[in-house]
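Dear colleague,

Please find below the structure that I am handing over to you. My findings follow directly after it.

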Amino acid sequence: IVELNTKDAYAIPMEHPMVTTLKKVAEEVTGFTIPVYGSTGGTDMSHIQRAGVPMCALGPGGPGNNVHAPDERLPIPSLQKLTKICALTALEICKPS
């Protein structure tokens with residue numbers, strides 16, 4: 001057996017500014033309480049983290065989007081909200097202290 005494409009696990013503290021800022025912005029944009037939790041799913045975060053960039057995952061979607069299925073879909077308004085959340089989070093994180 002040969003392992004291919006293995007990645008180290010990645011975790012970020014829940015009180016890290018990236019997590020708290022993303023949660024705050026996402027809640028402001030969506031009007032919903034955003035849960036924060038770990039995941040066993042695979043992402044590219046471990047690769048980016050090696051460069052010293054803090055990461056956390058946030059995905060758009062909801063019931064009916066058929067995530068990770070042949071007919072996976074995302075309504076345009078959900079993509080627009082996610083784009084706004086990412087942009088506002090980046091502005092907040094990069095703002096001089």
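A search of the whole structure, which is a predicted model, finds four salt bridges. One of them joins E27 and K23, with the closest N and O atoms 2.6 Å apart. These two residues stand four apart in helix α1 (residues 17–30), so about one helical turn separates them. E27 is partly exposed at 26% relative accessibility, and K23 is partly exposed at 27%.

Another salt bridge links the side chains of D71 and R73, at 3.5 Å from N to O. D71 has a relative accessibility of 43% and counts as partly exposed; R73 is likewise partly exposed, at 43%. The side chains of K95 and E92 also meet in a salt bridge, at 3.2 Å from N to O. Here K95 is partly exposed at 49%, and E92 is partly exposed at 32%.

Please look next at T89, which is located in helix α3. Is T89 buried or exposed? Its relative accessibility is 5%, under the 20% limit, and therefore T89 counts as buried. The side chain of T89 reaches the backbone oxygen of I85 at 2.7 Å. Beyond its neighbours within four places in sequence, T89 is in contact with M18, T21, L22 and V25.

Finally, there is a nonpolar patch on the surface, formed by L74, I76 and L79, whose accessible area together is about 250 Å². Of these residues, L74 lies in the loop between α2 (45–49) and α3 (76–94). L74 is partly exposed, with a relative accessible area of 33%.

Yours sincerely

Notes. Residues are numbered from 1 along each chain as its sequence is written. This is a predicted model: local features need pLDDT of at least 70, side-chain atom pairs count only at pLDDT 80 or more; totals for chains, interfaces and linings use all residues. Side-chain values use heavy atoms; hydrogens and water are left out. Patches are made of residues with over 30% relative accessible area and no salt bridge: like charges are joined within 9 Å, nonpolar side chains (Val, Leu, Ile, Met, Phe, Trp, Tyr) within 5 Å. Accessible areas come from the Shrake-Rupley method with a 1.4 Å probe; for residues, only the protein chains shown count as cover. Buried means under 20% relative accessible area, exposed over 50%, partly exposed in between (1.4 Å probe, protein chains only). A polar contact is a pair of N or O atoms within 3.5 Å; within protein, one must be able to donate a hydrogen and the other to accept it, and residues adjacent in sequence count only if both atoms are side-chain atoms. Contact means heavy atoms within 4.5 Å.
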